Amino acid sequence: MKKDLNLINDFLQQQQQTHLYRRPRLSESAQQPSMLIDGQQLLTFCSNDYLGLANHPKLIEAFESATKQYGVGSGAAHLINGHNIEHQLLEEEIAEFTGRERALLFSTGYMANLGTISALTEKNETIFQDRLNHASLIDAGRLSDATMWRYAHNDIENLEKRLNRHRDSASMVITDGVFSMDGDEAKLNEMAVLAEQNKSWLMVDDAHGFGVLGKTGAGLVEQQKLTSDEVPVLMATLGKAAGTAGAFVAGDQDLIEYLIQSARTYVFTTAMPPAIAAAGRMSLRLIQEESWRREQLQQNIKQFKQGAETLGLAMMPSETAIQPILIGSSATALKASQQLQEKGILVTAIRPPTVPKNEARLRVTLSASHTSLQIEQLLDALAAVFVNQPIERA
Ligand SMILES: Cc1ncc(COP(=O)(O)O)c(C=O)c1O
């Protein structure tokens, strides 16, 4: 029987009443700090374009030139005839950059996580995930045949306790590298030891660390100096700091060969356009050659953190480009976001189910492309909303 239309209407009304209704904003700009959104010129602090590469002229040039050579669509899945030389070269360059034997491209990060976790787990096995892992990892765990346990956020003792209870069936420990809505970093060293002791794969989704963290930008795994034996399954997306789209999994030769045969979201989907891969190759070059972008980003994070501290804002313990201001109620978070928008600043309110109940927040993100003046403008607007005429926190 089809879903009752009354139930659909009830749900929509309830989302409105509980301040959880969402709608896409309409952008008429390239991804950059100042954007025309819903007809209003706004200074944005909510993008994941951490290095300011999404609209970089060299990426555009690489994209255009590949389009002229290879057209737009890839036409088929990688295993049919969609695997272009640009895909192949990008995979080889990612493998070299991340210090792994091989890398495999997926069309999105969501698909990389679904495909990898379901391919690597079986019935009667147990996987362990941080409670605050990204939805795509959690969904992958739910869809896999394995049993999933979620341990307390970044709590190594709690993970160890759970692993001890399921020692015989443990097969994967899975974590965000940088937590997407909190900005803090996973304790990979300790996790790697536990995973090894329990003969489990450690999988790290470094969507928000890749390009940004580590000396060369290879991510949290580089920053925390972990080898490919310690983190055998490394996943990251290319739609954030790398400024393009898609994702990869990097690891040993056999792992990647196994995923090619078994990851259904790799096998049964059209390959990303070759021009996206060509732009990705240029992005990889800029990430490595232009380390000033990481330095500028660090400078911007420092400026914002100092300013937020002076204002006494409820910041979360994050050293990364993700600097959430914890609010609590969804209604208040929405109101604060609206008030900022009236002052020409866009910081979106993040509400459940993206974050736990009563933990709605403003997820401020910084980019190397923000100027010091723009960060001051953000701080002035935050002062007006939270300090000068304090918004009532529910
Ligand atoms: C930690 C994390 N993993 C995976 C994804 C999904 O990647 P994609 O947008 O490429 O599907 C995201 C965000 O989009 C993310 O924040």
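Residues are numbered from 1 along each chain as its sequence is written. In this predicted model local features need pLDDT of at least 70 and side-chain atom pairs count only at pLDDT 80 or more, whereas totals for chains, interfaces and linings use all residues, and side-chain values use heavy atoms, with hydrogens and water left out.

Reader: How is the protein chain divided, and what separates the centres of domain 1 and domain 2?
Author: The bounds come from an automatic or database domain assignment, which divides the protein chain into domain 1 (23–52 + 291–388) and domain 2 (57–289). Taken over C-alpha atoms, the centres of domain 1 and domain 2 are separated by 26 Å.

Reader: How many residues of each domain are in contact, and what area do domain 1 and domain 2 bury between them?
Author: With contact taken as heavy atoms within 4.5 Å, 20 residues of domain 1 are in contact with 22 residues of domain 2. Buried area is the accessible area (1.4 Å probe) that two parts lose on being put together, summed over both. Of the area between domain 1 and domain 2, 56% is on carbon and sulfur atoms, and its value is about 1600 Å².

Reader: Which residues does Met191 touch, not counting residues up to four places away in sequence?
Author: Met191 is one of the residues with the most contacts inside the largest nonpolar core. Leaving out residues up to four places away in sequence, Met191 touches Tyr151, Ile156, Leu159, Val173, Thr175, Ala186 and Leu202.

Reader: In which sense does β8 pair with β7, and in which with strand β9?
Author: Two strands pair if DSSP finds at least two bridges between them. Strand β7 (residues 201–205) and β8 have 3 bridges in the parallel sense, with Val233 as the bridge partner of Met203. Between β8 and strand β9 (residues 247–251) there are 4 bridges, and Leu234 stands opposite Ala250; the sense is parallel for β7 and antiparallel for β9.

Reader: Which strands stand at the edges of the open sheet of 3 strands?
Author: This sheet has the order β1-β2-β11, with mixed pairing. Each edge strand has a single partner strand, so one side of each is left without a neighbour in the sheet; these strands are β1 (34–37) and β11 (345–346).

Reader: Which residues form the salt bridge between Asp182 and its partner, and what parts of the chain does the pair tie together?
Author: A salt bridge is a side-chain nitrogen of Lys or Arg within 4 Å of a carboxyl oxygen of Asp or Glu, and the closest N and O atoms of Asp182 and Arg361 are 3.0 Å apart. Asp182 is buried, with a relative accessible area of 12%, and Arg361 is buried, with 0%. Asp182 lies in the loop between β6 and α8 (188–197) and Arg361 in strand β13 (residues 360–365), so the pair ties together parts that are 179 residues apart in sequence.

Reader: Which residues are linked with Arg281 in a network of salt bridges?
Author: The side chains of Glu86 and Arg281 meet in a salt bridge of 3.0 Å, N to O, joining helix α4 (residues 85–98) to helix α12 (residues 274–289). Glu86 is buried at 11% relative accessible area, whereas Arg281 counts as partly exposed at 22%. The network that holds Arg281 also links Glu86 and Glu93.

Note on methods
Helices (H or I, at least four residues) and strands (E, at least two) are DSSP runs, numbered from the N terminus. A nonpolar core is a set of buried Ala, Val, Leu, Ile, Met, Phe, Trp, Tyr and Cys residues joined through side-chain atoms within 4.5 Å. Buried means under 20% relative accessible area, exposed over 50%, partly exposed in between (1.4 Å probe, protein chains only).
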